[in-house]
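Let's take a friendly tour of one protein model. Have a look at it first, and then we will go through its surface, its fold and its core.

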Amino acid sequence: MTEAELKSACTKAFTGFDRNDRADLARAMSDDVVFEFSDSLPYGGTYHGKQEFQAFWTHLSKEYEYFNYDARAVLISGEYIVVPVVARAKTKAGFSMENEHCFLFRIQDGQIVYGRIYADTARGRDVLEGREPRRYPKLLVN
């Protein structure tokens, strides 16, 4: 894929919350893509290949009623794509969260060969454990 096609695929996958469409993103991935997410959540870990990448989203949907994104930007520099997003989710137990995530993808020969999500997993764990996300006040500096 060209840089413009990769940018379009990421934009479609991560923009508009309920309009997220990951089909083009999946097509942009190499057959042996590696995708990582912190294993501090039940659907975390390292996924190898497109089939396991799709399994990640299947695992996610088992935990949440919905989990959608809205991209703040899709930035491409050299062999990397960076997509900071706002995530909105509601667990099947009824707990909601809004969170900042950042997707990082590495491109090789017009395909995505690596991906990782950087996220506040503590907030995700809170809602999965059936409680409102904990927030702490900032430290006061004297």
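The accessible surface of the protein comes to about 8000 Å², and 48% of that belongs to carbon and sulfur atoms. Such areas come from the Shrake-Rupley method with a 1.4 Å probe, and for residues only the protein chains shown count as cover. Keep in mind that this is a predicted model, where local features need pLDDT of at least 70, side-chain atom pairs count only at pLDDT 80 or more, and totals for chains, interfaces and linings use all residues. Residues are numbered from 1 along each chain as its sequence is written, and side-chain values use heavy atoms, leaving out hydrogens and water.

Now for the fold. The protein has 4 helices and 7 strands; helices (H or I, at least four residues) and strands (E, at least two) are DSSP runs, numbered from the N terminus. Of its 142 residues, 41% count as buried, meaning under 20% relative accessible area with a 1.4 Å probe, protein chains only.

What is inside? The largest nonpolar core has 34 residues. A nonpolar core is a set of buried Ala, Val, Leu, Ile, Met, Phe, Trp, Tyr and Cys residues joined through side-chain atoms within 4.5 Å.

Strand 5 gives the largest share, 5 residues. Phe14, Val83, Phe103 and Phe105 have the most contacts inside the core, a contact being heavy atoms within 4.5 Å.

Conventions:
Buried < 20%, exposed > 50% of the residue type's maximum accessible area, 1.4 Å probe, protein only.
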